[in-house]
Amino acid sequence: MRPIRRLLIANRGEIAVRVVRACRDLGIASVAVYAPVDADAPHVRMADVALPLPGDAPADSYLNLPLLVELARRAGADAVHPGYGFLAENPAFAAACEAAGLVFVGPPSAVLARCGDKAAARDAARAVGVPVLAGTGPVTDDEAARAATTLGFPLLIKAVGGGGGKGIHPVAAPDALPAALRLARGEAQAAFGDPRVYLERWLPAPRHVEVQVLADAAGHVVHLGERACSVQRRHQKLIEEAPAPGVAPAVRAALGEAAVAVARALDYRGAGTMEFLLEGDRFYFIEVNARIQVEHPVTEAVTGCDLVAWQLRLAGGEPLDIRQADVTWQGAALECRISAEDPHAQFLPSLGVIDGLAEPAGPGIRVDSGLWVGQRVSRHYDPLLSKVVAWGPTREVALARMRRALREYYISGVDTTIPFHLWALDQPAFRAGAYDVRFAERWDGGGVPDDTAVLAAAAWFFHRLRTPRLPADGAGARWTAAARTEALR
Amino acid sequence: MIVAVTLAGRQHTVAVEEDADGMVVTWNGARRRVRLAPLVGSAWWRLDVDGQRCDVRLQPSDGGVRVTVGAARAEVLVRRALPVPSRQARDPAAARAVEVRAPMPGLVVATPLAVGQPVAAGQAVAIVEAMKMQMEVPAPASGRIAEVRVRPGQEVAGAQVLVVLHTGPAPGEGR
């Protein structure tokens, strides 16, 4: 294998920006691709070369497997970075890259297939003595109904090809199973092109903890510690942090060892994440995320390792020249995911055009953002807009910096998850680090604004009446024309 | 100008007068110097009350403005207080037709019920997909499907009417 010299980035948004930056640091030329709606996006502006894709729909753009391979060859790229989501964990994409003589930045297609089959990954973990949750393999609706009676309710339906929390549906009772299966299969088909699902035992209030690993081509594996990801809604992570608060040193060490054991059992390559559920001091392996993850910056902040640079170096054939004893952790880091969702309306996607933007900075703050003024937030893609990462020598300092940064973050044009984050940071359970996956259910809308809201509304009303404005909608032109006609009489 | 402001079900009467450098707002017997200036984009404003600055998100909504301060949000109704209260008695018969609207812009995946079919409150009348999430749109009340205004595969705007229900007795019944 040769070092990567020219890399096509088969993704968009903040992760595409992140990969361009890693390329710059390593002296690799970057090739961006973009759907029409993303023509003015930062990753397009920053990359050395940018190539257009024919349509906005994922099938035409960032899921357009044959075209992406073709563009990589035409651009003279020697490698492809898939980012996360889209084709990141698609073995067919990795295989197509390999067949075209391109280095796929991620595990080889055979390893991706092994990790992507969640049932097989679980079996591999069990075989090396890592505890797993009870569950099934891929099931038909009839088999699911039968298996459900032995597993018991509530249970979870998960997409075999799933990831990123998509295609997971909790089922409380037997009569809800058929409808939930229908939704889960529909979502799995739409998101992953694979309608297969399996069932898994449901824990009432576990904590979600995951371990970052790096593995080279010779099978040398180290872990970079854990991340706590229990602040979730609809199985979508909202806040992550490292180290995981309230985890005993012995449990932390055991988690790291278990993650390395699973990575070895799967013959894992590159950067990856082993996900676990933690109940008390007992943990259960649930799945592998065979990609760079959204929340990787918190691990970067506490270890000082550049994970995307490591991905590129390992994919280029470099050995992993760090031993487990070399990995050290300093301070604490938090990440808040800023998504175009309205936390005051059941977190429904909020679509619109970004008409104003100011992003935070300052000590301990890192913002990985794909936002730009004029951006049309499209229904075709994931609602994640950007991520705010705060590091501090202690968790308290990191929390204070995060609150400061969120209050400096102005996004106009769509609703975002920032109000939820401001609420979460002030909750005693979160501040104490004593929270589980049910935490976000306590979101109460952040209360009612006080007198400020009355004064703001009155001032806004008065201001609007005093400020003549042309209507911005289609009807406006007619009124304007009518007024001009009237004026000419 | 006298403005009627309704927040969380409580109506407040607020007097607003223009001032050299903003406005003077009189409310609950207190006179405050208030300035409101655009900060970032269309939604972010800087509110200054007697020298105390505060960032607020203001989004025009039906009959008023949506105010977000920090984590908290309120739908605030604002209107000019009229000397004589307006009579806006609603036609009670009109309440029998219930429009079910899309909760977000997206793609209609399915409309499981046809015109004339009975529907129970909470039952899905449409499935809408956006950003890879599929969502069932439940009937807000039980009744009968009067109109299905969208087809599977159709793009819909937020708040677009998907289905109309009749909550009253079925045609021909009770006559």
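## Helices 3 and 4 of chain A

The axes of helix 3 (residues 65-74) of chain A and helix 4 (residues 91-99) of chain A approach within 10 Å and cross at roughly 30 degrees, in a model that is predicted. Because angles under 35 degrees count as roughly parallel, helix 3 of chain A and helix 4 of chain A are described as roughly parallel to each other. Their crossing is right-handed. On the side of helix 3 of chain A the contact involves A:Leu65, A:Leu68 and A:Val69, which meet A:Ala92, A:Phe93, A:Ala96 and A:Cys97 in helix 4 of chain A. By class, the residues of this contact divide into seven nonpolar, no polar and no charged.

The loop between strand 3 (49-52) and helix 3 of chain A holds A:Ser61. With a relative accessibility of 0%, A:Ser61 counts as buried. Leaving aside residues up to four places away in sequence, A:Ser61 touches A:Ala35, A:Leu53, A:Gly55, A:Asp56, A:Leu68 and A:Tyr381; A:Leu68 also takes part in the contact of helix 3 with helix 4 of chain A.

## Helices 1 and 11 of chain A

Helix 1 (residues 13-26) of chain A and helix 11 (residues 307-315) of chain A have axes that come within 9 Å and cross at roughly 65 degrees, and the crossing is right-handed. From helix 1 of chain A, A:Arg18, A:Val19, A:Ala22, A:Cys23 and A:Leu26 meet A:Leu307, A:Val308, A:Ala309, A:Leu312 and A:Arg313 of helix 11 of chain A. The residues of this contact divide into eight nonpolar, no polar and two charged.

The buried residues are A:His296, A:Pro297, A:Val298, A:Thr299, A:Glu300, A:Val302 and A:Thr303. Just after helix 10 of chain A, A:Gly304 adopts a positive phi of about 75 degrees.

Helix 16 (residues 475-488) of chain A contains A:Ala483, which is partly exposed at a relative accessible area of 47%. Between A:Ala483 and A:Pro206 there are 277 residues of separation in sequence and 64 Å in space, taken from C-alpha to C-alpha.

## The open sheet of chain A

Eight strands of chain A form an open sheet in the order 13-12-9-10-11-14-21-19, with antiparallel pairing. Its edge strands are strand 13 (282-289) and strand 19 (365-369) of chain A, each of which pairs on one side only. The twist from one strand to the next averages 25 degrees. Within this sheet, strand 10 (residues 221-233) and strand 11 (residues 236-242) of chain A pair in the antiparallel sense over four bridges, and the bridge partner of A:Arg233 in strand 11 of chain A is A:Gln236.

Strand 11 of chain A also pairs with strand 14 of chain A, in the antiparallel sense and over four bridges; here A:Ile239 has A:Cys336 of strand 14 as its bridge partner. Strand 14 and strand 21 (residues 384-392) of chain A are joined in the antiparallel sense over eight bridges, with A:Arg337 standing opposite A:Lys387 in strand 21 of chain A. Eight of the eight residues of strand 14 (residues 332-339) of chain A are buried, so the strand is largely enclosed by the rest of the structure. Both of its faces are covered, with A:Ala332, A:Leu334, A:Cys336 and A:Ile338 buried on one side and A:Ala333, A:Glu335, A:Arg337 and A:Ser339 buried on the other.

Chain B has zero helices and 16 strands, and buried residues make up 40% of its 175 residues. Of the contacts in chain B between residues at least 6 apart in sequence, 38% join residues at least 24 apart.

A closed barrel of eight strands runs 1-2-3-4-5-6-7-8 in chain B, with antiparallel pairing, and its twist averages 35 degrees from one strand to the next. Strand 5 (residues 44-49) and strand 6 (residues 52-61) of chain B pair in the antiparallel sense over six bridges, and B:Asp48 stands opposite B:Arg53 in strand 6 of chain B. Helix 15 (residues 451-466) of chain A packs on this sheet, touching strand 1 (2-7), strand 2 (10-19), strand 3 (22-27), strand 4 (30-40), strand 5, strand 6, strand 7 (64-69) and strand 8 (72-80) of chain B. The direction of helix 15 of chain A makes about 50 degrees with that of strand 2 of chain B.

Note on methods:
Residues numbered from 1 in each chain as written. Chains lettered and ligands numbered in written order. Predicted model: local features only at pLDDT ≥ 70, side-chain atom pairs only at ≥ 80, totals over all residues. Heavy atoms only, no water. Pairing = 2+ DSSP bridges. Helix = DSSP H or I, 4+ residues; strand = E, 2+ residues; numbered from the N terminus. Axes fitted to C-alpha atoms, helices over the stretch in contact; angles between N-to-C directions. Contact = heavy atoms within 4.5 Å. Parallel < 35°, antiparallel > 145°, perpendicular 65-115°, else oblique. Left-handed = near helix turned anticlockwise from the far one by under 90°. Nonpolar A, V, L, I, M, F, W, Y, C, P; charged D, E, K, R; others polar. Buried < 20%, exposed > 50% of the residue type's maximum accessible area, 1.4 Å probe, protein only.
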